[in-house]
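Q: Could you take a close look at one part of this model for me? I'd like a connected walk through it, with the cut-offs spelled out.

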Amino acid sequence: TNLIKMINKEQGQTIITITHDLDFALKSDHAIILKDGKITNIKIIDKSKFEKLDEASIELLHNIGFNRR
């Protein structure tokens with residue numbers, strides 16, 4: 001994750017990752033959520049306002065394929 005952020009900042013490169021790891025995804029600045037190959041949500045992740053996900057949100061993310069370590 002640190003290497004990806006360094007490349008993004010130092011070289012001004014946009015980095016696109018695809019993951020089912022919720023913890024990794026939450027380290028991003030933006031998230032595009034897909035279900036069955038279709039965009040279901042586009043989210044800007046504001047870490048200054050990030051709160052712990054409630055159980056309902058975690059269950060929803062599990063249902064679309066995200067996993068927590």
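A: Strand S2 lies largely in the open, because the number of buried residues among its seven is zero; buried means under 20% relative accessible area, exposed over 50%, and partly exposed in between, with a 1.4 Å probe and protein chains only. Strands here are DSSP runs of E with at least two residues, and helices are runs of H or I with at least four, numbered from the N terminus.

Before going on, a word on the source: this is a predicted model, where local features need pLDDT of at least 70, side-chain atom pairs count only at pLDDT 80 or more, and totals for chains, interfaces and linings use all residues. Residues are numbered from 1 along each chain as its sequence is written, and side-chain values use heavy atoms, leaving out hydrogens and water.

Now for the neighbour. S1 and S2 run antiparallel, joined by six bridges; strands count as paired if DSSP finds at least two bridges between them.

Ile42 itself is exposed, with a relative accessible area of 58%.

As for confidence, pLDDT (the predictor's confidence in each residue, from 0 to 100) has a mean of 76 over the protein chain, with 74% of residues reaching 70 or more.
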